[in-house]
Protein chains: 2
Amino acid sequence: MTAAPPSARATVRRDDRGRYERELIEAILDEALVCHVGIVQDDGWPLVLPTLHVRDGDALYLHGSPASRLLRTAKKGVPVCVTVMLLDGLVMARSAFHHSINYRSVVVFGTVQPVTDGAEKARVLDLLVEHVQAGRGAECRPPTEEELRKTLVLRLPLDEASAKMREGGPIDDPDDLDLPFPAGVIPVRSVRDELVRY
Amino acid sequence: MTAAPPSARATVRRDDRGRYERELIEAILDEALVCHVGIVQDDGWPLVLPTLHVRDGDALYLHGSPASRLLRTAKKGVPVCVTVMLLDGLVMARSAFHHSINYRSVVVFGTVQPVTDGAEKARVLDLLVEHVQAGRGAECRPPTEEELRKTLVLRLPLDEASAKMREGGPIDDPDDLDLPFPAGVIPVRSVRDELVRY
């Protein structure tokens, strides 16, 4: 199943790796814990900071302190680019040139809107805790009204989202196939250990 | 040991988490395989894309196809922001509000210069392969002159770099300490499995 790019901006330049199926985009966003948010600062410089996110329906939610430089700027309605990347493997080719990585990434362009309704904010923050650790929402004290006021929640629609991925083994030059080097993929995984109690 | 911020731009806004020691910055860049590069595009929108990097001495090196939108724009000498993040743990607090993550991140601001000398380019590409998998530089065919021509290598000085980190357990409100919820840190690690041969 294929899907078309939602906009010129959200079109992946390397055609062979661009994907636009909503299911794939959502799966990548849901598997990733951290995204990288890019904005243009007032002085014209880009700023990229990592932050937690959660997807719900057709939107991505970011949160943080109202004092955060990143979120304060994003809140003004400036363009943002949110990027998520899952590293799946290291591709070992027979030539240095064809070394690569297997990955799944998503890039979302848009502008954010602050979530102001208290109940909706509480719902999104619960989703965020659940995204970090499933089941945890029921294992902690929910936010008070003051804590909700001290948290900025921003909503970014997924209208302009694209995915990009590489999978499979190395693509070696035919002349290199007989070289005596081991070739293939080193899988990379993120592992969670047991809770260390404090 | 502490160090001062190299510039106003590279000053971490949350004082308690900003760090400027060169050793720490280098260790984070060296441990991370992937960075996120942010630029401002011609239309004023930010673009953030993940890519491989390697640090050598006082610079960070990026590489890719000369056709890459990101690298082509960066090559013009526009401001870039390169961000690296290592996720170390999920901090489970007794309240939803105090949930957090343990991480180490680095943000570098600057402008890039293309590496044009063939021998220097070959040296950096070898470092890149070694950064992805130690020892691999000797286990593959080195690049030909044509392959070197088809690879863009960009150098970003580390003059304006800062690190940020959080470590340790949750910081709960005193009133929450008796709540019957398990609290602490779930360590997160990136694991490499054995090479799957192709």
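Two residues are in contact if their C-beta atoms, placed from the backbone, lie within 7 Å. In this predicted model, the contact between the two chains draws 67 residues from chain A and 67 residues from chain B. A rotation of 180 degrees superposes chain A on chain B, and 100% of the contact residues of chain A recur in chain B.

**The surface between the chains**

- On the side of chain A that touches chain B, the elements giving two or more residues include the strands β2 (34-40), β3 (46-56), β5 (80-92) and β6 (100-110) of chain A.
- The list also holds α3 (118-132), β10 (184-192) and β11 (196-197) of chain A.
- The element that gives the most to this side is β10(A), with nine residues.
- Sorted by class, this side of chain A has 42 nonpolar, eleven polar and 14 charged residues.

**Strand pairing across the contact**

- Strand β10(A) is joined to strand β10 (residues 184-192) of chain B by five bridges.
- These two strands run antiparallel.
- Within this topic, R192(A) stands opposite V188(B), a residue of β10(B).

**Symmetry**

- Two copies of a chain are related by a rotation about an axis and a shift along it.
- Here the rotation is 180 degrees, the shift along the axis is 0.0 Å, and the superposition of chain A on chain B has an RMSD of 0.0 Å.
- That is the relation of a two-fold axis.
- The C-alpha of chain A nearest the axis belongs to S190(A), at 2.2 Å from it.

**The nonpolar core**

- In soluble globular proteins, nonpolar side chains tend to be buried together.
- The largest nonpolar core in this model has 108 residues.
- The residues with the most contacts inside this core are V37(A), V106(A), L154(A), V37(B), V106(B) and L154(B).
- Leaving aside neighbours within four places in sequence, L154(B) is in contact with Y61(B), L62(B), L71(B), A74(B), K75(B), V112(B) and P114(B).

**A loop residue, Q133(B)**

- Q133(B) lies in the loop between α3 (118-132) and α4 (145-149) of chain B.
- Q133(B) is partly exposed because 17 other C-beta atoms lie within 10 Å, whereas a buried residue has 20 or more and an exposed residue has 12 or fewer.
- Residues up to four places away in sequence not being counted, Q133(B) touches L90(A), M92(A) and I186(A).
- Q133(B) and R72(B) are 61 residues apart along the chain, and their C-alpha atoms are separated by 27 Å.

Key
Residues numbered from 1 in each chain as written. Chains lettered and ligands numbered in written order. Predicted model: local features only at pLDDT ≥ 70, side-chain atom pairs only at ≥ 80, totals over all residues. Helix = DSSP H or I, 4+ residues; strand = E, 2+ residues; numbered from the N terminus. Nonpolar A, V, L, I, M, F, W, Y, C, P; charged D, E, K, R; others polar. Pairing = 2+ DSSP bridges. Least-squares fit on C-alpha atoms with pLDDT ≥ 70 in both. Core = buried A, V, L, I, M, F, W, Y, C linked by C-beta atoms within 7 Å.
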